[in-house]
Amino acid sequence: MAISDNKNLRTLRDIPVGQTAIVKRIHGSGQLKRHIMDMGITKGSEVLVRKLAPLGDPIEITIRGYQLSLRKSECEIIEVE
Amino acid sequence: MRIALAGNPNSGKTTLFNSLTGSNQYVGNWPGVTVEQKTGHLRKNKHLKIIDLPGIYSLSPYTTEEEIARSFLLDEKPDAIINIVDGTNLERNLYLTTQLLDLNIPLVLAVNMSDVIEKTGDKIDLEKLSTELSVPVVLISALKGSGLEKLTELTMEVAQTKKQTESEQTFLKFNQDVENVLDHIAKIAFEDTKPDFQRWYQVKLFERDQEMRDHLALDTNKVEAIDEIITLYEDLVDEDSESIITSERYRIINNLVKKSYEKSRKVKLSTSDKIDRIVTNRILALPIFVVVMFFVYFLSISTIGTWTTDFVNENIFDEGWFLFGKGRSAYTEKVEEYEVSETIAEAFETEIEQAGIKSEDATNLKVEVNLYDEEGNLEEVVNADYQAYQEASAAVEPEPGEFGPWIPSIPDLIDQGLTKLNVSTWLHELVVDGIVAGVGAVLGFLPQMFVLFLCLALLEGCGYMARIAFIMDRIFRKFGLSGKSFIPLMIGTGCSVPGIMAARTIENERDRRMTVITTTFIPCSAKLPVIALIAGAFFGGKWWIGAASYFIGIIAVIISGIILKKTKMFAGDVAPFVIELPSYHFPRMRDILRSSKNRTWEFVKRAGSIVLLSTIVIWFLGAYGFENGFGRVDDVNNSILAVIGSGIGWIFTPLGFGGWRPTVATISGLIAKENVVGTFGVLYNFEGIAENGWQIWQNMRLDFTALAAASFLLFNLICAPCFAAIGAIRREMASAKWTSFAIIYQIGLAYSMSLIFYQLGMLIQGKPDIVGAVVAGILLIGFIYLLFRPGYDKRLLKKSKSAYSKI
């Protein structure tokens, strides 16, 4: 995967709780990528990291005005700026 | 006329469907899958059939629900689509709309939650929305029932007019470059023809949707030519085609919403946000979760559910009952008195027999009679003389009818009825002991199940269910289960049947199957008497036997999760956990009740037959046999069941309990697990045994070593559950193949675990059976291998790599 080639890439996983980021690109392919994009996480959209689950994973974000939950591992394919 | 109802999950689709159809609805399954299919007729117009599509976010080909919706729309071509969207979340909801529009099926957009929008002060320009999308738009509140008449009116209208003028296209246009590419694709794929759903296929071909390619049966040249164009364009914009389309759709929606949706200036934290702040708060979330789970368990297992289920089992289907409980306490008192008299009389008679005298001559005999309570503790010692004996033997069994309004049980009523009709004995017994008992076994679960489904529907309806998955995901996904598996496992401690049915709330099929297979490992309340029997007879009633049983159940769940996750059957991408956390809201009671009713009824339909049939079969095997020729036997020891037990008993020899008695007890445990104790009682010639079976502890100690008894318990805890639970598994798996896999796996796991346990136990005790120990060792190594080997996908990868290195 392209992601592992470049460790300096900033992904949604790196965004601390309470902060906002703009989506730059979704990496990978297949079901996960399609589903993430179907849910509205597309290039240019704004994501707010709302909170962590009580056990530290998954996380809750706000995207396009609604709440979405995803695992940290899944956040890694979402490149942000 | 057929209308498809489409929309996102949590958009109010179910509420709308219920409001439109009322009770004119039918619930079933979509062919071949366990996804619920609901169809109904419009209340006011019976000619209008409404098909409720599964709640979906997109028409992509990745989930079962999406595929169902796609193939329904393409193959069945409904006359119109009602697309319900959540007005408070237009952006994401309209995404599906843009895809539905590509199909060029007449569509009406129902913007839901008008009441909520009004409250927040936001404004939607319906006209603008309607002209931009070129479809009629109605503002509705599914909850309050407003706007529904206009919705049906418009739906009928579009469905009829569109039939006359089919040429018009309503889809939304992407940017010009993409449109050019799509035109190219159309030219190659369709040449000059104009197929149905042209726009849809154009876009899907661009997205390289394999299923749609197959659907069109394009020849390879065309596919390659199209692929070339797509790749060219992808390289140009540095994005893959699926992403290009998705981004385009959201870009269009964004513009649309900007033009037609005016957000009120008041930026206030919504009630839902406030609730969520507390409910999924890092510190409070777990305690709140525990409290909620406690209530679910309390309502469905500890109180209402069990009261009602016990009432059905013990009163309606067993003894009969007093109307409003009038006269029950007086009756119970008399019954207890009668039982004491009975015991005294029996003891006295035994003594007389032993003394070898006639009962008239026993006037000077004095007997000490021990009275025990239900658990086998000595309660009282009575010194009975001849006079006491005579009084005791004169006691008459109290008639319940004399104490209050007595309602006999259904079996009693049928029994009397059949006696009056004078039917032959075998038919009489078949009906009362076989069929009625089987029906009782099914119906007994219903009240409990209904209460549980009510709780689940409430949790789902108010939005908390998604949070349960959010909170518990971290723990459960390690074992290949879903965060939502917690509820089935918890309910399973009460009864596996509703536990298995609770797995319904897990969307992902793989997670659901895994949960269904493992739920029955958790000791249910019917297994408690078995635990009590073994603990009492062999371990001095120590509490830790019970604790260990639960621990073993949990271990079985965990190792099964890990082992099965790595098999080919459960292989594949991990299901994404990208799930919506919907706003909290009060669900409508009508919807909750309807869904609970439907789910309960489903159990009767799908599981009922299997439970009934198996109960009858086991009853027959236990009641018939060879005693002066084939026929009804009085002594179970002569039944076919006993013959089978002795025949296959050797199978259990390596587990330490090869006799026929434990085998027969295990088989009868398939009807209901608590039967194991009762059957042991009968097999040791003891009628009316107590729940923990204290009367036969002595006999059991002669037949079993403590190690063998523990092994027996272990086997019975893990092996196939009762028929009712098997029926529930059948219902949830919706496939005979998966059901048999589940049962065979459970029995196999139970057998190997007990074998390893028993043989290693013998080894530690210093009396190893060489062959047994070797087999146990091999099995243990096998377990460890299955637990720690790499997953199926990794194994595949390795294989292909090694093949590659050979070249």
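Predicted model: local features only at pLDDT ≥ 70, side-chain atom pairs only at ≥ 80, totals over all residues.
Chain B is divided into three parts, namely domain 1 (2-164), domain 2 (309-443) and domain 3 (611-773).

**Domains 2 and 3 of chain B**
- Taken over C-alpha atoms, the centres of domain 2 of chain B and domain 3 of chain B are separated by 29 Å.
- Where the two domains touch, 13 residues of domain 2 of chain B are in contact with 13 residues of domain 3 of chain B, and the side contributed by domain 2 of chain B divides into six nonpolar, three polar and four charged residues.

**A helix pair in chain B**
- Helix α24 (residues 528-538) of chain B and helix α25 (residues 543-565) of chain B have axes that come within 9 Å and cross at roughly 135 degrees, and the two helices are therefore oblique to each other.
- The crossing of α24(B) and α25(B) is right-handed, with Ile531(B), Ile534(B) and Ala535(B) of α24(B) and Ile545(B), Gly546(B) and Ser549(B) of α25(B) making the contact.
- The residues of this contact divide into four nonpolar, two polar and no charged.

**A sheet with strands from chains A and B**
- An open sheet of six strands runs in the order β5(A)-β1(A)-β2(A)-β3(A)-β4(A)-β14(B), with antiparallel pairing.
- At the edges stand β5 (78-80) of chain A and β14 (579-580) of chain B, each with a single partner strand, so one side of each is left without a neighbour in the sheet.
- Within this sheet, strand β1 (residues 20-26) of chain A is joined by three bridges to strand β2 (residues 46-52) of chain A, the two running antiparallel, and Thr20(A) stands opposite Leu48(A) in β2(A).

Key:
Residues numbered from 1 in each chain as written. Chains lettered and ligands numbered in written order. Domains from an automatic or database assignment. Contact = placed C-beta atoms within 7 Å. Nonpolar A, V, L, I, M, F, W, Y, C, P; charged D, E, K, R; others polar. Axes fitted to C-alpha atoms, helices over the stretch in contact; angles between N-to-C directions. Helix = DSSP H or I, 4+ residues; strand = E, 2+ residues; numbered from the N terminus. Parallel < 35°, antiparallel > 145°, perpendicular 65-115°, else oblique. Left-handed = near helix turned anticlockwise from the far one by under 90°. Pairing = 2+ DSSP bridges.
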